[in-house]
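Me: I'd like to learn how to read a protein model feature by feature. Could you walk me through one?

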Amino acid sequence: MDKPAGLTPLPTVLVVDDEKPNRDLLVELLKHDCRVILAKNGSQALDRAHEMQPDLILLDVLMADMSGYQVIQTLKHDDATRHIPVIFISALDAPEDEERGLDLGAVDYITKPFHPSIVRKRVRNHLQSVHHRHLLENLAMIDSLTEIANRRRYNEALENEWRRCARSGSPLSLAIMDVDHFKAYNDRLGHAAGDGILRNIATTLTGFMRRPGDLAARYGGEEFIFLMPQVDAEAAALLANEIRSAVEALRLPHPDSPVSPYVTISLGGMTTPPTDGHVDPEFFLNADTALYTAKAKGRNRVVW
Ligand code: GH3
Ligand code: MG
Ligand code: MG
Ligand code: MG
């Protein structure tokens, strides 16, 4: 069921235990604080963790098919699951068992029989840390002035989309854009007004993110990028021109621009069929060269 907009979704906790009474007890204990999903053995735990990406895993140690220690080792060796915090819940209560669990990367170790309210509070505390980590990770990817993706986020998306397009044999397109005569704008109307222009452009760009994988980002200063996976050169150049025209249509007065009475942008673009797993630096450089050509040809235009 979809959650109502505006509410933070409940965190998901994967409970792994081979004994049903233990699973039932933990579900009862946690169901008000989180969405609980279950696994009754090690291999099911690995599948669920992969597929559901829970926020936290409560992991039994003694299980028939595979020990909890083996499960955590596999989780920590997989890029898709290594970030998920694990709490052991085990009847093994010797200090060396606990030490082993923590050495293998668990964030906590609870011994059975456990005290229900303590388990509940420990889980709550760990979920708080997960929540804070997610907030920080998101903040690190957002440009503070325009509140759209920043260069770090763009770099990460480029790596991912490059690999995805290489696998599916699809084209990848990139537009780089730069505000025309922006120094003159700042000189005439002030830096604060200039900042407002950058925010307006960012909002306009965001409106063009219509397909999965599309990404608008502030690359730095007065430069933005728009990444378009699975879009060929012809379609990408058309979209770039729509962006150009949408910015001009904002009619943001630029009294000192020789190009237009309004703020305009120039765009350079590149389309490539990514082949192997590594981003080719030429991809960005070619788009940047096209941008330079757009500037040289008179600005307020797209060169692909
Ligand atoms: P061109 O058409 O060739 O791009 O000319 P330009 O004046 O835009 O180019 P130039 O590189 O000379 O100037 C870029 C200006 O962008 C200079 C700088 O003050 C301004 N700028 C960069 N980052 C920001 C910012 O965060 N806020 C504001 N207000 N201005 C910025
Ligand atoms: Mg067990
Ligand atoms: Mg510039
Ligand atoms: Mg400029």
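Reply: Here is a short tour of helices, cores, a ligand shell and some backbone details. This is a predicted model, in which local features need pLDDT of at least 70 and side-chain atom pairs count only at pLDDT 80 or more, while totals for chains, interfaces and linings use all residues. Residues are numbered from 1 along each chain as its sequence is written, and chains are lettered from A and ligands numbered from 1 in the order in which they are written.

Me: Which residues of α9 are buried, and which are exposed?

Reply: A residue is buried if 20 or more other C-beta atoms lie within 10 Å of its own, exposed if 12 or fewer, and partly exposed in between, with C-beta atoms placed from the backbone. In α9 the buried ones are A236, A237, L239, A240, I243, R244 and V247. They cover an arc of only 160° around the axis, so they sit on the same side of α9; the arc is taken from the directions from the helix axis to the C-beta atoms. E234, L238, E242 and S245 are exposed on the other side.

Me: What covers the buried residues of α9?

Reply: Contact is the idea here: two residues touch if their C-beta atoms, placed from the backbone, lie within 7 Å. The cover of α9 includes β6 (172–179), α8 (191–206), β8 (223–229), β9 (265–272) and β10 (302–303).

Me: Which residues touch the most other members of the largest nonpolar core?

Reply: A nonpolar core is a set of buried Ala, Val, Leu, Ile, Met, Phe, Trp, Tyr and Cys residues joined through C-beta atoms within 7 Å. The largest has 43 residues, and A175, I225, F226 and L267 touch the most other members. Elements giving two or more residues to this core include α9, β6 and β8. Leaving out residues up to four places away in sequence, I225 touches Y154, L174, A175, I176, A217 and Y219. A second, separate core of 27 residues includes Y69, I89, V119 and V123.

Me: How many residues surround ligand 1?

Reply: A residue is near a molecule if its C-beta atom, placed from the backbone, lies within 6 Å of it. Ligand 1 is surrounded by 17 residues, the closest being F182, K183, G194, G221 and E222. At least two shell residues come from each of β6, α7 (182–189) and α8.

Me: Where do the backbone details sit: the cis peptide bond and the positive phi values?

Reply: The peptide bond from K112 to P113 is cis, with omega near -5°, and P113 is in the loop between β5 (108–111) and α5 (116–139). E147 is not a glycine, yet has a positive phi of about 60°; E147 lies in the loop between α5 and α6. E147 is partly exposed, with 13 other C-beta atoms within 10 Å. R251, in the loop between α9 and β9, has a positive phi near 55°. R251 has 11 other C-beta atoms within 10 Å, so R251 is exposed.

How values were computed. Helices (H or I, at least four residues) and strands (E, at least two) are DSSP runs, numbered from the N terminus.
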